[in-house]
Each structure stands twice: as structure tokens, then as C-alpha cells.
Amino acid sequence: MFSTTLRINEDLGHFLQEAAQRSALSVNAFLAELLRREREATARKRLAADWAAYAQDRQAQDVDYAFNAQAQVVAEPKQKAYKSKSPSKAPSKAKSKIR
């Protein structure tokens, strides 16, 4: 577990204690919740920025190159599954007895 000392001025300290009390949380739990929310907001902002960059990258979105290959695969005749003409000659495994 990470532990640290927080030094803030009196007014901010009183605000922190009151805000935690209003939320029915300890100061530690209140700060931990604030940090969790900030981490989630940062992740959402990063994802939004990544999607915006992707939206501007026309080359990354171009999938036309794959259409011909996909059409060839679809057009290939369906192959029959391989079936053995004789029964398998693999050695049988003896079942072990549990004692």
C-alpha cells in the first residue's frame, strides 16, 4: 500500500474534512475516490484523443486493399473434409485405476 503525507493550507484542509464528512467518507477514502475519478477521466480523455487522431488518419481507415483477397476466399469452392478410410491404428491408452 502506498502511503504519503499531504501538506495543504488550513482552509483547504477544513474544506477537505467537510467534503469527506458530507460524503460519509474518511478523508483517506474521499481522496482515494477523487483520484479514482481523475484516473478514469484521464483514460476517457486519452481514448477520445486516440479516436480523434484515428478519425483524421485516412490511410489507417482504408480497407479497400482487403476486398480483393476477401472476394477470392469467398469465391473458392468449399472443400470436402478429409476422412480416413480405415480405422485409426493409434495405440489405446490404458485407464488408470484410482485407489
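Here are legends for a handful of close-up views of this predicted model.

The model is predicted, so local features need pLDDT of at least 70 and side-chain atom pairs count only at pLDDT 80 or more, while totals for chains, interfaces and linings use all residues. Residues are numbered from 1 along each chain as its sequence is written, and side-chain values use heavy atoms, with hydrogens and water left out.

View 1. Read along the sequence, the pattern is simply α-α-α-α. Helices here are DSSP runs of H or I with at least four residues, strands are runs of E with at least two, and numbering starts at the N terminus. Of the 99 residues, 7% count as buried; that label means under 20% relative accessible area, with exposed being over 50% and partly exposed in between (1.4 Å probe, protein chains only). The chain exposes about 10,500 Å², and carbon and sulfur atoms supply 55% of that. Areas come from the Shrake-Rupley method with a 1.4 Å probe, and for residues only the protein chains shown count as cover.

**View 2. A nonpolar surface patch made by L6, I8, L12 and F15.** To join a patch, a residue needs over 30% relative accessible area and no salt bridge; nonpolar side chains (Val, Leu, Ile, Met, Phe, Trp, Tyr) are joined within 5 Å, and like charges within 9 Å. F15 sits in helix α1, residues 10–22, and counts as partly exposed because its relative accessibility is 49%.

**View 3. E33, R36 and R37 linked in a salt-bridge network.** A salt bridge here is a side-chain nitrogen of Lys or Arg within 4 Å of a carboxyl oxygen of Asp or Glu, and the count by this rule is two. E33 pairs with R36, the closest N and O atoms being 3.3 Å apart. E33 and R36 are about one helical turn apart, because they are three residues apart in helix α2, residues 27–56. E33 also meets R37, again with an N to O distance of 3.3 Å; this pair lies in helix α2 too, four residues apart, about one turn of the helix. How exposed is R37? At 51% relative accessibility, R37 counts as exposed. E33 is partly exposed at 27%, and R36 is partly exposed at 39%.

**View 4. The largest pocket, holding about 420 Å³ of space.** Its lining consists of M1, F2, T4, L6, N28, L31, A32, L35, R36 and R39. What kinds of residue are these? They divide into six nonpolar, two polar and two charged, where Ala, Val, Leu, Ile, Met, Phe, Trp, Tyr, Cys and Pro count as nonpolar, Asp, Glu, Lys and Arg as charged, and the others, Gly among them, as polar. On a 1 Å grid over the protein atoms alone, a pocket is an open set of points with protein on both sides within 12 Å along at least five of seven lines, and lining residues have an atom within 4 Å of a point. Points are joined across faces, edges and corners, and the volume is the space filled by probe spheres set on them.

**View 5. L31, a residue of helix α2.** L31 counts as partly exposed because its relative accessibility is 27%. L31 and A20 are eleven residues apart in sequence and 8.3 Å apart in space, C-alpha to C-alpha.

**View 6. A24 in the loop between α1 and α2.** A24 has a positive phi of about 60°, although it is not a glycine. With a relative accessible area of 69%, A24 is exposed.

Methods
1 Å grid on protein atoms, 1.4 Å probe; cavity = no way out; pocket = protein on both sides within 12 Å on 5 of 7 lines; lining within 4 Å.
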